[in-house]
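Subject: Structure handover

Hello,

Please find the structure below. My notes on what was found in it follow.

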Amino acid sequence: MSIDIAAEVAVVGAGPTGAAAAWRLATAGVRVVCIERGDWFDHTRVPVDATERSRLARGPLNPNPNLRRGPADYAIEDDASPIKPLIGNGVGGGSIYWAAHAPRFRPEDFRVFSNDGVADDWPLAHDEIAPWYELNERRIGLAWRPGDPLGPRREGTPLPLPPIGAAGERISRAFAALDWHSWPVDLVLGRDATAADAAKCTHRGHCHIGCPARIRTGADRAYLDDALAGGARLLTRTRVLTLEHDASARVAAAVCAGPDGRFRVQAERFVLAANGIGTPRLLLASASGRFPGGLANGSGLVGRRLMLHPYAWADGWFPKPFEMPVGQTAGLVSLEFGSTRSERGFVRGSKLQLSVGAPAPGVRFERHEREAADPRAHLAGISVSAEDLPDPENRVVLSSTGTDEDGIPLPRLNYRLSANTRAILDFGIDRASEVLREAGAIAIVPTALKAEAGFHLMGTARMGDDPETSVTDRFGRCHQVQNLFIADASTFVTASCLNPTATAQALALRTADHILE
């Protein structure tokens, strides 16, 4: 095995953050190689037929790698977690499967300890990363409605949002009647989208993988195409097995396995963007005599403080059908209960989000459905996304028994739902049910916890100013390995209750600019 490929910067992972970092570096003239264990996603694989699409979504098109079992997937031991991991493993990563909801974190989300006396403050504030939020929003083509009273201050001109539909309008009026906040989502349309594209979205089909409007929203389109045009090199179907370091504790090479066997990628700097499971797994698997607990793990926090966004749900049946189109699954959110209120008995809070046309898995309104011409037109649900607080015992570790095809230990999730999180979810279910009743629902079915909800994997290599209590500095540079950077949600200090992709991408762009400096 020899060093076959050399670059100035090697980026591990071509998902939303790896693609963003590769683009920023390559278009600035840096010689970049991006290493991706998966391949380009063939959108023609997604059938138009709803029945066939539903069948494939339970297997080959499922975001859970343990169910998908594709050639790029590795098993994840998740029997010790009630929430199952959902990972893309391909060019574009999770943005191939997402609902394209990309909000910013709120300023208060970076100051949880100062505001609420729990968890920790980030070493940076919203305004410090605002320029990279704005850059990312231009690149991905974000549509948003100005004036959200609970949102951060923003600059720039957004793309126009699609309409929220009849169900969205009715639920919005219900929130208003209760004097609770609601606002249309920040939705990625793709920077080539036009107002006409937004207006003609029918909302009749699925709003995830395979949606024609979603195809333009992935990181493959938003970033990687232009990164390659700027000179980056992409290695697909290539697994990074371990990182080797030299005597000065700098990473010298990534040991890889590809279609033609094993080889090394040598670079001056390395950027890990392999998600909140893949990044700590690689660091732990790269243990050495210098780093017996895992590469860059002097603090002992690699893999620890795993945060998810636990989901609960309330589905409602409405006697009068909504006018079609019903509405879009990510059309409306409420942050009324996103912040701490002492009288509630828990800290932090949740995001409520409208979903229409399809109930939570396993939920049926059988008597009502038998009487309805189109059951989808009678259904509306509200999800509850809880802010998870960091717990060192919620973590990613290496399996003691299982290995992948290359002999590398599998990752194992050890995760439990905290009492605080459970209280947030229960409170949220009650508030969601209240909104549905106000809007006219005659039957409501709660779902206490959604198992297939592990899209957001955060906190397993947290940033901070103190090397004793963090893995990276505020720019994502590992304290103990000076040429190694982490540019994904592993570096998050706290989780907010909002989708993390926009924040992770903004940080990845900021890390890339720091490398350029």
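A residue is called buried when its relative accessible area is under 20%, exposed when over 50%, and partly exposed in between (1.4 Å probe, protein chains only). By that cut-off, 62% of the 517 residues in the protein are buried.

This is a predicted model, in which local features need pLDDT of at least 70 and side-chain atom pairs count only at pLDDT 80 or more, while totals for chains, interfaces and linings use all residues. Residues are numbered from 1 along each chain as its sequence is written, and side-chain values use heavy atoms, with hydrogens and water left out.

The protein has 12 helices and 18 strands (DSSP runs numbered from the N terminus: H or I of at least four residues for helices, E of at least two for strands). Its radius of gyration is 22 Å, close to the 24 Å from the globule rule for 517 residues, so the protein is as compact as a globular protein of that length. The radius is taken over C-alpha atoms, and the rule is 2.2 Å times the number of residues to the power 0.38.

Strand 12 (residues 332–334) and strand 13 (residues 350–356) run antiparallel and are joined by two bridges. Ser334 has Leu352 of strand 13 as its bridge partner.

Regards

Notes:
Two strands pair if DSSP finds at least two bridges between them.
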